[in-house]
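Here are my notes on this model. Please read them with the structure open.

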Amino acid sequence: MTTEQSPSTPPTAGASRLAFNEDWLATILGLALLALVLLGAIPAGLVP
């Protein structure tokens, strides 16, 4: 039982092609928090 892939198969062929790094995750989280503040869901007193 071998798990070797053929040389023509990229190493990430089985993995999902959708990947976010931590920079994009932080950007999305920041924009979501900004939207919540602008919509009034988070009171301005909680925002420093």
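1. Which residue caps the N-terminal end of H1? Asn 21 does: one of its side-chain oxygens lies 3.2 Å from the backbone nitrogen of Asp 23. A polar contact is a pair of N or O atoms within 3.5 Å; within protein, one must be able to donate a hydrogen and the other to accept it, and residues adjacent in sequence count only if both atoms are side-chain atoms.

2. A word on the basis. This is a predicted model, where local features need pLDDT of at least 70, side-chain atom pairs count only at pLDDT 80 or more, and totals for chains, interfaces and linings use all residues. Residues are numbered from 1 along each chain as its sequence is written, and side-chain values use heavy atoms, without hydrogens or water.

3. The protein has one helix and zero strands. Helices (H or I, at least four residues) and strands (E, at least two) are DSSP runs, numbered from the N terminus. Helix H1 covers residues 22-39. Just after H1, Gly 40 takes a positive phi of about 90 degrees.

4. How much of the protein is buried? Trp 24, in H1, is exposed (over 50%), with a relative accessible area of 53%. Leu 34, also in H1, has 45%, so it counts as partly exposed (between those two limits).

5. Leu 34 and Val 47 sit 13 residues apart in sequence. Their C-alpha atoms are 9.9 Å apart in space.

Conventions. Buried means under 20% relative accessible area, exposed over 50%, partly exposed in between (1.4 Å probe, protein chains only).
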